[in-house]
Amino acid sequence: MKKITVKFAKTDLLDILKGIGISVIFSAVLIMIFALILKLTDVPNGVIVGVNTAIKVLSLLVACLISFKSGQNYLLKGIIVGFIYFLLTYLLTSISTKVFALNLSHLYDFLLCVVVGAVSASIKSIITK
């Protein structure tokens with residue numbers, strides 16, 4: 001059996017840190033804009049979940065497209081960014097609501113973030129070739 005090794009350079013770590021920062025900041029901006037829209041209009045509750053999902057997807061996509069510069073490990077970097085993005089958004093939401101409970105919707109969010117991170121990184125990999 002062949003041994004598979006993945007080498008991470010400092011640039012890969014910087015790409016991941018930039019990706020996490022960009023995704024969280026982009027999400028915060030979009031959430032503030034959406035909160036303003038909610039305050040000024042009468043948006044049905046069913047729309048809120050869809051918009052929150054769209055914000056997560058857009059945030060991870062933009063973060064991966066902007067932050068990933070080095071030409072290796074795109075998929076792994078995307079998965080890591082999605083995973084850490086989920087952890088940070090879960091912690092920030094739990095702190096603000098003072099509810100630290102995990103349920104099935106958190107599992108879906110986790111899977112969404114990891115898959116979107118991987119797909120976004122793959123898109124970046126294809127674009128840079």
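Visitor: What should I know about the model before we start?
Guide: This is a predicted model, in which local features need pLDDT of at least 70 and side-chain atom pairs count only at pLDDT 80 or more, while totals for chains, interfaces and linings use all residues. Residues are numbered from 1 along each chain as its sequence is written, and side-chain values use heavy atoms, with hydrogens and water left out.

Visitor: How many helices and strands are there in the protein?
Guide: The protein has four helices and zero strands, where helices (H or I, at least four residues) and strands (E, at least two) are DSSP runs numbered from the N terminus.

Visitor: OK, at what angle do α1 and α3 pack?
Guide: Helix α1 (residues 10–40) packs against helix α3 (residues 74–97) at an angle of about 40°, and their axes are 9 Å apart; axes are lines fitted to C-alpha atoms, for helices over the stretch in contact, and angles run from 0 to 180 degrees between N-to-C directions. That makes α1 oblique to α3, since angles under 35 degrees count as roughly parallel, over 145 as roughly antiparallel, 65 to 115 as roughly perpendicular and the rest as oblique.

Visitor: And which residues make that contact?
Guide: On α1 they are D12, D15, I16, G19, I20, S23, V24 and S27, and on α3 they are K77, I80, V81, I84, Y85 and L88, with contact meaning heavy atoms within 4.5 Å.

Visitor: What about α2 and α4, how far apart are their axes?
Guide: The axes of α2 and α4 are 8 Å apart, and the two helices pack at an angle of about 35°. Residues of α2 in this contact include L60, L61 and L65, and those of α4 include L112, V116 and I123.

Visitor: Switching topic, how much space lies in the largest pocket?
Guide: The largest pocket holds about 710 Å³ of space; on a 1 Å grid over the protein atoms alone, a pocket is an open set of points where a 1.4 Å probe fits, with protein on both sides within 12 Å along at least five of seven lines, and lining residues have an atom within 4 Å of a point. The volume is the space filled by probe spheres set on the points, which are joined across faces, edges and corners.

Visitor: Which lining residues are closest to its centre?
Guide: Of the 24 residues that line the largest pocket, N52, K56, T89, T93 and D109 are the closest to its centre.

Visitor: Which helix gives the largest share of the lining?
Guide: The largest share, eight residues, comes from α3, and the elements giving two or more residues are α1, α2 (45–67), α3 and α4 (104–128).
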